[in-house]
Amino acid sequence: TAITGEDNGFEVRTKQGEVVFCRKIVLAIGLQGNLRKLGVEGESLEGVQYQLDDPKEYEDETIVVVGAGDAAIENALALAEQNRVILVNRNEEFTRCKEGNLTLVLDAIKEGRVEIRYGTSASKVERPGGEVPLRFHVKSPDGPDEIECHRIIARLGGIPPRKLVESFGVKFPSADPNAVPALTDAYESNVRGLYIVGALGGYPLIKQAMNQGYEVVESALGRAVEPADEPLLAKKFAGFSRTKSV
């Protein structure tokens, strides 16, 4: 709930009232506890969800998946195996996904396994009370529209728990809600001794976060850290120069 103090003399307070004294802090809290919602009336109604645990749990439903990133695409493809899936993308194309997922989703759309609504955004969700429980009001390039569906799965990423992190003294470079804290090459924040790794620092891949955790601990112990790929690159560049580093 709170972090006070400075490098080599921090106090961390928890909800249970405990106080932990420490020299260094590594914040690796991610964004999953702060999922971005639709931002419209009805965003918290039953049947509107922001993550998907098991796509096989649903069968013979009409499901709207909102989003254009890897999570949305992967959810849509998995659900389409036994449901009618409508993928809502507020942009005119997919720009935030891996190349492999882009190929898969475009193939699924072309083959009719997934329906797509480009340039479409949410305006309201309601439960009108009928055989199909949800009515999803959207704004499309052709004007207002409605989608009758059994559930809406919005995969819109997460937002930093900014108020909490700022209360620790950490500064963000701008007011943009997507901004990440300013960090050094060693992932140290403006608060000396307080490091940030993973999604909160703008690096959402687990592999990156694990590497950063290792680098932070080594750096905090005062040891020089060689990048994980340094030996591999040194071997590849050996033929170019024997005197210069990677």
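Tutor: Buried means under 20% relative accessible area, exposed means over 50%, and partly exposed lies in between. Keep that scale in hand. The model is predicted.

Student: Where does Cys 22 fall, and why?

Tutor: Cys 22 has 22% relative accessibility, so it counts as partly exposed. Cys 97 has 18% relative accessibility, so it counts as buried.

Student: How many disulfides are there?

Tutor: The test is distance: two cysteine sulfur atoms must lie within 2.5 Å. By this rule the model has 0 disulfides.

Student: Let me step back to the whole chain. How many helices and strands does the protein have?

Tutor: The protein has 5 helices and 13 strands. Its radius of gyration is 23 Å, well over the 18 Å that the globule rule gives for 246 residues, so the protein is more spread out than a compact globule. Along the principal axes, the C-alpha atoms fill a box of roughly 65 × 55 × 35 Å.

Student: What share of the residues counts as buried?

Tutor: Of the 246 residues, 35% count as buried. The accessible surface comes to about 14,900 Å². Carbon and sulfur atoms hold 50% of that surface.

Student: What do the contacts say about sequence separation?

Tutor: Take contacts between residues at least 6 apart in sequence. Of these, 48% join residues at least 24 apart.

Student: Now a helix. How should I read its buried side?

Tutor: Start with the geometry. An α-helix has 3.6 residues a turn, so residues three or four places apart point the same way. Then list the buried positions. In helix 1 they are Ala 72, Ile 73, Asn 75, Ala 76, Leu 77 and Leu 79.

Student: What covers the buried residues of helix 1?

Tutor: The cover includes strand 6 (62-66), strand 7 (84-89), helix 2 (99-110) and strand 12 (151-154).

Student: Asn 75 is on that list. What does Asn 75 touch beyond its sequence neighbours?

Tutor: Asn 75 sits in helix 1, which spans residues 70-79. Its relative accessibility is 10%, so Asn 75 counts as buried. Leaving out residues up to four places away in sequence, Asn 75 touches Leu 52, Ile 153 and Arg 155.

Student: Is Gln 212 buried or exposed?

Tutor: Gln 212 is buried, because its relative accessible area is 2%. Gln 212 belongs to helix 4, residues 206-220. With the same exclusion of residues up to four places away, Gln 212 touches Tyr 187, Val 197, Gly 198 and Tyr 203.

Student: What about a loop? Where does Pro 133 lie?

Tutor: Pro 133 lies in the loop between strand 9 (121-126) and strand 10 (134-140). Pro 133 has a relative accessible area of 19%, so it is buried. Residues up to four places away aside, Pro 133 touches Glu 126, Arg 127, Pro 128, Cys 149 and His 150. Arg 36 is 97 residues from Pro 133 along the chain, and their C-alpha atoms are separated by 23 Å.

Student: Last, the surface. Which residues make a nonpolar patch?

Tutor: Phe 237, Phe 240 and Val 246 make a nonpolar surface patch of about 330 Å². Phe 240 lies in the segment after helix 5 (230-237). Its relative accessible area is 71%, so Phe 240 is exposed.

Note on methods: Residues numbered from 1 in each chain as written. Predicted model: local features only at pLDDT ≥ 70, side-chain atom pairs only at ≥ 80, totals over all residues. Heavy atoms only, no water. Helix = DSSP H or I, 4+ residues; strand = E, 2+ residues; numbered from the N terminus. Buried < 20%, exposed > 50% of the residue type's maximum accessible area, 1.4 Å probe, protein only. Contact = heavy atoms within 4.5 Å. Patch = residues over 30% accessible without salt bridge, like charges linked within 9 Å, V, L, I, M, F, W, Y side chains within 5 Å. Areas by Shrake-Rupley, 256 points an atom, 1.4 Å probe, with all protein chains shown as cover. Salt bridge = Lys/Arg side-chain N within 4 Å of Asp/Glu carboxyl O. Rg over C-alpha atoms; globule rule 2.2 N^0.38 Å.
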